[in-house]
Amino acid sequence: MTSAALEARDVVKYFPTGSSGILGRPTHEVKAVDGVSFSIAHGETLGVVGESGCGKSTLARVATRLIDATSGDVLMDGESISHLSGKDLRIARRKLQMIFQDPYASLNPRHSVGQIISAPLSVQRITPPQGVKTRVQELMELVGLNPEHYNRYPHEFSGGQRQRIGIARALVLEPTVLVADEPVSALDVSIQAQILNLLETLQAELGLTYMFIAHDLSVVRHIADNVAVMYLGKFVEVGPAHAVYSTARHPYTTALLSAVPVADPSRRGRTDRIRLEGDVPSPINPPSGCRFRTRCWKATDLCASTEPVLQDMGNGHFAACHHPMETPVTLGNSVS
Amino acid sequence: MNTVPLLAVKDLSVSFNTPDGVVHAVDDVSFELFAGKTLGIVGESGSGKSVTASSLMRLNNSVTSTTTGSVELDGRDLLSVDEATMRSIRGQDIAMVFQDPLSALNPYYTVGDQIAEAYVIHHPTESKKDVRIRVLDMLKKVGIPNPEKRIDEYPHQFSGGMRQRIVIAIALINSPRILIADEPTTALDVTVQAQILDLMLDLQRETNMAIILITHDLGVIAEVADSTLVMYGGRIVERAAVNEIFSTPTHPYSWGLLGAVGSLDTSTRGHLSTIPGTPPSLISLPSGCSFHPRCRYAKETGSRCTTEVPQLHVVAGTSSSSACHMADAQLVALAQHGENQ
Amino acid sequence: MLLFITRRLLFALALLLAVSFFTYMLFAMLPSDPAALTCGKNCKPEIIAANRVRLGYDKPLLEQYWLFLKGFFVGRDYGVGAAAFSCPAPSLGYSFSQHECVSTLIARTFPVTFYLSLGAFVLWMTLGIGLGSLAALKKGKWQDRAATTFSAVGVSLPTFYIGLLVLFSFCIWLRILPFPSYESPFEDPVSFLTTMILPWSTLAVLSAAGYTRLTRNGMLEAMNEDFVRLGIAKGLRRRTIIRKYVLRSALVPIVTIAGLDFAALLGGAIITESVFSLPGMGRMSIRAVVESDLPVLVGTTMVAAVFIVLANVVVDILYGVLDPRVRQR
Ligand SMILES: Nc1ncnc2c1ncn2[C@@H]1O[C@H](COP(=O)(O)OP(=O)(O)OP(=O)(O)O)[C@@H](O)[C@H]1O
Ligand SMILES: Nc1ncnc2c1ncn2[C@@H]1O[C@H](COP(=O)(O)OP(=O)(O)O)[C@@H](O)[C@H]1O
Ligand code: SF4
Ligand code: SF4
Ligand SMILES: [Mg+2]
Ligand SMILES: [Mg+2]
């Protein structure tokens, strides 16, 4: 068996915050990511879904070593990259690139498109055989930008085009793994579809592996082979996309599916809808036992005392719940 | 059904003078709003939704913008009443909820003060005690737990969803007849979005107010609106009852929009249908139908698409209106069979 | 909050200690012999040596610093026998060129600086915030253009020349005001005022320029805030919105800068004091520089540092009072 393109083993990331005492030492820790494992096979896509603040971006930044994990291990092609530094890390980074959420904030307004896309080349001190400019223009063509706009500046482009610039920049080092943190959340609906299509075409043509983050189940559904649902720093459900969508086993996943507005007025007022109460609790002091129990309608005493672990529900479908949803429930925007 | 509209908007146009040129943000927009009903306005960013909404309340900067047309409430044109009258209407007859609950509240005052302020300005003689009781009541109504304690807290002590509830409490404290909600849930998580939409509908049932709900999410429209305006480049391109817009949409832009969203729901992977190109610049709108550079029917429909602005008209055989030069029969045929498989 | 204040104060104290150490060392390392400056040109080496012992400059640097520090808390005695003298706590050293304890000197000059700073501060805050608000409210109109021009010109004018210009026009050329000669406000209020009015105005007008711009921009920014639009949508009056929504949020950053500016002035308005011959701390430091009067320099630097550090603490606390988001922690 070949090793996974990208793998995480029990990754933990705590951010110290707050301060007290005369010296002002940090008193709390934000448990942004708290024991997450996954593995993505070559050429496949893992979609990571969860509400704001659940730790998606932190996980992405740890996976790409933009920040260091508190503990746990990240592996590429079976080799740990957690302890690399200096030159080794730089070489590993070539294979592992990231696309960011905000196409406005992530591009330096004072650099031309050509400079932006070729920046990773100069950081890595690489000169492509065909020359920097030709290489950049090939990429611009590939992501659907006009190569003649090589010397233009970001403000001359629309949001969707800027995201294409971001994608070209991520591709310039010929990575094998792309981590995309909500790459379409800031875009218009009609443009979202364009970018998603582009990402899929690129995956097919270049054999890329994706970790694709979204806050919305419907975006991920289109692109992911496997889906992980995250809540307060932990994966609560992981599995093949079709299984997670058609037979969600974790109450939170069902609620999330149920909350997505469906573009079909005839389904309005359906009674099987699940409405969660309240907000996501603070990751500084997550609830004991199951972190979802404060909003879960199925919670029992067991849920408060014992933390559920991910359990195999069959066919590589895992859920962390003491009382998983029984029957295959069809909810939300499932196939009708 | 009630046939007398509560609010009638006719030929509303708004333009802004900017250093780059004149932005025609809203062009010739007309619609009616009925008590107890929800009108959804959908469109991509920059299509003029927010400007339409804020000009109903005259919130646009009068120095840099020009507004023409009329907005009739109770037989008065809100665009021409004096400032004092307008002030008495704002917050009292028409209230507004903004997109970003994080920035919509004044960080320097408690939420209780901010809700009370909205009430007191229209009820100056009410005693402090009564106002507080009313505010507490409102907080309960919008689902803030433990209102006695939270009434004296500051906005930053609330989560995004909670803040949006506060903004809704501010809007509803005077029981307005019209609520304008400009993307009230765009900045929120889906589970919280569902809560907020439910809350607005519950309160509507209770008070029979009319709601204008602005969104870029057709799913939200499907869940809560009774009728819909689709905006593109500052103009209304389609006006339809909510069932119609999803079953027989009659404008090529609506087809594209529905296609791009609809296929997100299919369980198979595959290419999404998209609208090519990007939304237009409102400083130099494409001539004729501003959608023509992105419309795949523009060629076969002929040169009118590039020369003549299509007028919104009822499409024969439907109850929807569309602003497209294509023959009605063809629009209907495409709506039912060709496009939106 | 209380904990926060305590922590800030303790930190400030530690900071001051460090500052005093470095100040002392820095000045001690200057290539001039403080003992040699204790008597005139044709001084006998024996006297210099005796004075060196008397003032403690014969001791190792670290010990000198220690004596200096101890003196601040318990006072300090110099010499023995008939020639002995002492500076009571808080002692900051003894100035030989002026034959007085540094603390006495500062106690005499500081009030002048304080009156100068306070008056100028009140004037410039009023002027700056007033003009800034006017400009923001009348954006694009002539009032705005006038205020913007004023602030653009004001920030680029050098105090020294403007001070001299003002002095020359009012006191020599127009003769509206008498030539400045400082009197304490408690002894001769009229001459105090006629002396102070020019330095106050000069300082105020020049400093107000920056505040005009700060207020204007802060208010314009606030006017674009969503919460201001919500205020209008509530049906509030323009007046209420300007006061409770716009000014309030524009003032928060101004407080910070104003606090620090005021503190910096308290350390001695060197140029203004010199131009208008005010016997304040600033002028005294200049004289100390010219005469290489080290003890005075160390003393005034310390006082200035105390004000800056204290102002930082006060501003932090004020920030918490003004902004509930900061108060929380
Ligand atoms: N540098 C940091 N210091 C302290 N806390 C942090 C830091 N970065 C993130 N956090 C906290 O960690 C948690 C997870 O943050 P993260 O950005 O990963 O969330 P997310 O799932 O990406 O959310 P969103 O959907 O809003 O992008 C949050 O509570 C956040 O406030
Ligand atoms: N105050 C303003 N000055 C200049 N242009 C504006 C102003 N407000 C809005 N616009 C422009 O008007 C157009 C429509 O904006 P808006 O109604 O906010 O769009 P949306 O449909 O996203 O709500 C945009 O091009 C926007 O840039
Ligand atoms: S473990 Fe308990 S609280 Fe957690 S999701 Fe399952 S039923 Fe709900
Ligand atoms: S008028 Fe022409 S360009 Fe516009 S939508 Fe209709 S067919 Fe397309
Ligand atoms: Mg994120
Ligand atoms: Mg908008």
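Analyst: Over all chains, a search of the whole structure finds 24 aromatic pairs; rings of Phe, Tyr and Trp (its six-membered ring) pair if their centres lie within 6.5 Å, and planes under 30 degrees apart count as stacked, over 60 as edge-to-face and the rest as tilted. One of them joins Phe110(C) and Phe114(C): the centres are 6.0 Å apart and the planes are at 35°, so this pair is tilted. This is a predicted model, in which local features need pLDDT of at least 70 and side-chain atom pairs count only at pLDDT 80 or more, while totals for chains, interfaces and linings use all residues. Residues are numbered from 1 along each chain as its sequence is written, chains are lettered from A in the order in which they are written, and side-chain values use heavy atoms, with hydrogens and water left out.

Phe110(C) and Phe114(C) are separated by about one helical turn because they stand four residues apart in helix H4 (residues 102-137) of chain C; helices are DSSP runs (H or I, at least four residues), numbered from the N terminus. Phe114(C) has 30% relative accessibility and so counts as partly exposed; buried means under 20% relative accessible area, exposed over 50%, and partly exposed in between (1.4 Å probe, protein chains only).

In the pair Phe121(C) and Trp124(C), the ring centres are 5.4 Å apart and the planes at 80°, so the pair is edge-to-face. Both residues lie in helix H4 of chain C, three residues apart. Trp124(C), at 1% relative accessibility, counts as buried.

Phe110(C) and Phe114(C) also belong to one aromatic cluster, whose members include Tyr115(C), Tyr182(C) and Trp200(C).

Definitions and conventions
Helix = DSSP H or I, 4+ residues; strand = E, 2+ residues; numbered from the N terminus.
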